[in-house]
Number of protein chains: 2
Amino acid sequence: MKGERKMPTQTFFNLPIDKQKRLLDAASTEFSRVPLTEASINNIIKLAEISRGSFYQYFKDKEDLYYYFFATLKQDSKKMLEDCLKEANGDLFLGYQNYFPKMLTMITEDKQASFFKHMFLHMDYRTSREVTPEAMKKRECEHKKDRHHNHFADFVNADLLKIDSDEDFHSLFKVMMTFLFQTIGDAFAKELPRDEVIASFNKKLFWLRDGVYVKSEGEK
Amino acid sequence: MKGERKMPTQTFFNLPIDKQKRLLDAASTEFSRVPLTEASINNIIKLAEISRGSFYQYFKDKEDLYYYFFATLKQDSKKMLEDCLKEANGDLFLGYQNYFPKMLTMITEDKQASFFKHMFLHMDYRTSREVTPEAMKKRECEHKKDRHHNHFADFVNADLLKIDSDEDFHSLFKVMMTFLFQTIGDAFAKELPRDEVIASFNKKLFWLRDGVYVKSEGEK
DNA sequence: ATATATAATGACAAAGTGTCATATGACGGA
DNA sequence: TCCGTCATATGACACTTTGTCATTATATAT
């Protein structure tokens with residue numbers, strides 16, 4: 001593993017806004033053209049009209065820019081889930097059921113759709129961590145008084161769920177995000193129509209909610 | 001998308017066995033050293049002591065060799081799941097519960113463990129398709145009389161499950177494979193001890209089996 | 001005006017990729 | 001034995017990419 005830097009350098013942020021924007025636009029174009037592994041820094045610097053050396057003054061490498069670019073996109077996504085959970089009165093599954101179609105719209109109808117397509121079809125461990133909202137990560141620092149940004153677990157009514165610990169919560173969140181990624185990956189790969197995609201997600205969601213086993217009598 | 005070839009050329013199979021083996025050994029070494037994207041054909045041909053031109057006579061590119069190498073490893077895995085399902089008398093979940101520890105052993109204790117580690121940490125859409133046993137894929141060719149290799153659905157007692165169609169079966173299989181990949185990915189990433197990994201998988205499995213919602217009274 | 005920090009540049013070395021014209025060698029027929 | 005043919009082997013080549021670095025330019029403050 002290489003040393004990972006998560007952010008651009010200060011130098012980048014000191015840049016005039018329009019130069020920053022040029023770079024991000026270039027990133028958008030290149031990462032929409034091909035998946036991360038095939039993207040070329042050469043193309044990006046040509047598009048952004050900056051010199052090779054400058055690029056490396058702002059970012060450690062391709063990945064660094066990639067994840068930063070993604071971060072600029074995902075800002076609203078956090079709030080969206082939060083709202084859906086509130087709206088569902090803490091019902092985790094209902095919340096997700098409302099969340100998914102919104103998410104899908106954002107991903108497929110955005111002008112970045114092509115970027116997202118590559119992303120979801122090449123979703124690996126690192127990427128899935130980046131994509132997962134912070135608020136979903138395990139909270140280990142409850143004692144710290146600066147809980148400035150709240151945790152999704154706070155919006156969920158745990159009484160409805162067979163969940164014992166924060167650990168479990170985290171694990172369950174991850175499972176649900178996995179469902180989401182998997183379904184969207186499928187959607188892109190097979191170019192399914194929107195309603196089928198949603199139906200497919202809901203089916204998985206309900207399996208998880210109610211169980212796949214038949215209970216006593218088959219109410220099917 | 002580029003034209004994908006799944007197999008080595010005939011030329012490769014015409015080669016003397018020991019030369020084939022040299023190449024596969026080289027693949028094993030290189031793909032254990034680094035993930036696919038960082039692997040270098042240069043290294044492989046040096047290790048295998050073949051010329052650059054020869055390599056391209058056998059394989060279309062890195063990926064081609066990679067997936068072929070993987071195919072040589074995965075042969076027994078199919079039978080393993082089949083046996084587990086039989087042993088569980090068609091109980092899908094019990095079958096998987098038995099299957100997982102065996103799978104885990106195979107992946108972590110094999111001499112290819114390092115290869116698998118890279119694979120699971122970089123599992124993308126394509127890879128997950130390759131890894132998933134054939135017998136799990138959707139069967140569309142029931143009418144064809146040559147059902148020479150059987151389908152996992154045949155070993156599963158569907159009466160126990162809320163499953164309506166083959167489509168559903170396929171979808172459920174995929175979910176379960178996803179659990180498996182996700183859990184193993186976690187295991188490698190966080191270097192969890194074996195029993196924790198198994199516990200984590202089982203927890204997810206039982207969530208899916210029985211549902212995450214509490215039923216009527218909390219038997220917790 | 002001068003010193004100092006900050007940013008920009010492109011040439012460069014190193015490494016990798018896929019291709020191609022050519023070389024090798026095995027085999028069968030004349 | 002000589003020749004033609006076929007499958008295979010080879011490595012030089014042209015090309016792309018990457019990350020670095022010595023140098024130059026620009027801005028800011030004294």
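Visitor: Which helix is Leu104(A) found in?
Guide: Leu104(A) sits in helix H6 of chain A. Keep in mind that this is a predicted model.

Visitor: Is Leu104(A) buried, exposed or partly exposed, and why?
Guide: Leu104(A) counts as partly exposed, because it has 18 C-beta neighbours inside 10 Å. Buried would take 20 or more, and exposed 12 or fewer.

Visitor: What does Leu104(A) touch, leaving out residues up to four places away in sequence?
Guide: Leu104(A) touches Ile184(A), Arg194(A), Val197(A) and Ile198(A).

Visitor: How far apart are Leu104(A) and Ile184(A), in sequence and in space?
Guide: In sequence, 80 residues separate them. In space, the distance between the C-alpha atoms of Leu104(A) and Ile184(A) is 7.5 Å.

Visitor: Back to helix H6 of chain A. What span should its 18 residues have, and what do the end atoms show?
Guide: Helix H6 covers residues 92–109, so at 1.5 Å a residue it should span 26 Å. The C-alpha atoms at its ends are 26 Å apart, which agrees.

Visitor: Where is the kink in H6(A)?
Guide: The kink is at Tyr99(A), shortly before the proline Pro101(A), and amounts to about 25 degrees.

Visitor: Which residues of H6(A) are buried?
Guide: They are Leu92(A), Phe93(A), Gly95(A), Tyr96(A), Tyr99(A), Phe100(A) and Ile107(A).

Visitor: New topic. How many residues of chain A are in contact with chain B?
Guide: 28 residues of chain A contact 28 residues of chain B. Helix H9 (166–190) and helix H10 (194–210) are the elements of chain A that each give two or more residues to that side. By class, the side has 13 nonpolar, eight polar and seven charged residues.

Visitor: What rotation superposes chain A on chain B?
Guide: A rotation of 180 degrees, with 0.0 Å of shift along the axis and an RMSD of 0.1 Å. The two copies are therefore related as by a two-fold rotation axis. In chain A, Gly211(A) has the C-alpha nearest the axis, at 1.7 Å. Both copies use the same surface, as 100% of the contact residues of chain A recur in chain B.

Technical notes
Residues numbered from 1 in each chain as written. Chains lettered and ligands numbered in written order. Predicted model: local features only at pLDDT ≥ 70, side-chain atom pairs only at ≥ 80, totals over all residues. Contact = placed C-beta atoms within 7 Å. Helix = DSSP H or I, 4+ residues; strand = E, 2+ residues; numbered from the N terminus. Nonpolar A, V, L, I, M, F, W, Y, C, P; charged D, E, K, R; others polar. Expected span 1.5 Å × (residues − 1). Bend = angle between axes of the 7 residues up to and from the residue. Least-squares fit on C-alpha atoms with pLDDT ≥ 70 in both.
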